Amino acid sequence: NVLKLSELMISRADIGTFPALLAALSERAVAGDHALLEIDLKPDYPETPRNWEMLVENAFTFAGR
């Protein structure tokens, strides 16, 4: 089961910062609903860092560890 980053961002309108996005990704990963993450867009937050893809992948992959 694949979680699209865009779907998470659309379904969670309360996410307004990059750190909040990482927290939401970690929550979804711990819930175990999805095995894979599809990064289909760049988060458009002012504080999104240059290495955002790695941080997004790590938040999903290593959540709860």
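# Close-up views of a predicted model

**View 1. Helix H3 and its buried residues.** In H3, the buried residues (under 20% relative accessible area, with a 1.4 Å probe and protein chains only) are Trp52, Val56, Ala59 and Phe60. Seen down the axis of H3, they fall within an arc of 95°, so they line one face of the helix. The arc is that of the directions from the helix axis to the C-beta atoms. Their cover includes S1, H1, H2 and S2. Helices (H or I, at least four residues) and strands (E, at least two) are DSSP runs, numbered from the N terminus.

**How to read these views.** This is a predicted model, in which local features need pLDDT of at least 70, side-chain atom pairs count only at pLDDT 80 or more, and totals for chains, interfaces and linings use all residues. Residues are numbered from 1 along each chain as its sequence is written, and side-chain values use heavy atoms, with hydrogens and water left out.

**View 2. Confidence along the chain.** The pLDDT is the predictor's confidence in each residue, from 0 to 100. Its mean over the protein chain is 94. In this chain, 100% of residues reach 70 or more. The record of lowest and highest confidence names two helices: H2 has a mean of 95, and H3 has 97.

**View 3. The largest nonpolar core.** A nonpolar core is a set of buried Ala, Val, Leu, Ile, Met, Phe, Trp, Tyr and Cys residues joined through side-chain atoms within 4.5 Å. The largest one here has 15 residues. Those with the most contacts inside it are Leu5, Leu8, Phe18, Leu21, Leu25 and Val56. Helices H1 (5-11), H2 (18-31) and H3 (52-61) each supply at least two residues of this core. H2 gives the most, with five residues.

**View 4. Leu5 and its contacts.** Contact means heavy atoms within 4.5 Å. Neighbours within four places in sequence are left aside here. Leu5 then touches Leu21, Leu25, Leu37, Glu38, Ile39, Asp40, Leu41, Pro43, Trp52 and Val56.

**View 5. Helix H2, side by side.** H2 has 14 residues. From first C-alpha to last, H2 reaches 20 Å, close to the 20 Å expected at 1.5 Å a residue. The expected span is 1.5 Å times one less than the number of residues. Phe18, Leu21, Leu22, Ala24 and Leu25 are the buried residues of H2. They cover an arc of only 160° around the axis, which puts them on the same side of H2. On the other side, Pro19, Glu27 and Val30 are exposed, and exposed means over 50% relative accessible area. Cover for the buried residues of H2 includes strand S1 (2-4), H1, strand S2 (36-38) and H3.

**View 6. The two ends of H2.** At the start of H2, a side-chain oxygen of Thr17 comes to within 3.1 Å of the backbone nitrogen of Ala20. Gly32 follows H2. The phi of Gly32 is positive, near 75°.

**View 7. Ser6 and Asp40.** Ser6 sits in helix H1. Ser6 counts as buried, at 16% relative accessibility. A polar contact of 2.5 Å joins the side chains of Ser6 and Asp40. Such a contact is a pair of N or O atoms within 3.5 Å; within protein, one must be able to donate a hydrogen and the other to accept it, and residues adjacent in sequence count only if both atoms are side-chain atoms. Not counting residues up to four places away in sequence, Ser6 touches Asp40 and Leu41.

**View 8. Thr48 in its loop.** Thr48 lies in the loop between S2 and H3. Thr48 is buried, with a relative accessible area of 15%. A polar atom of the Thr48 side chain lies 3.3 Å from the backbone oxygen of Pro43. The backbone oxygen of Tyr45 lies 3.0 Å from a polar atom of the Thr48 side chain. Leaving aside neighbours within four places in sequence, Thr48 is in contact with Phe18, Lys42 and Pro43.

**View 9. Leu55 in helix H3.** Leu55 belongs to helix H3. Leaving aside neighbours within four places in sequence, Leu55 is in contact with Phe18, Leu22 and Pro49. Leu55 and Met9 are 46 residues apart in sequence and 16 Å apart in space, C-alpha to C-alpha.
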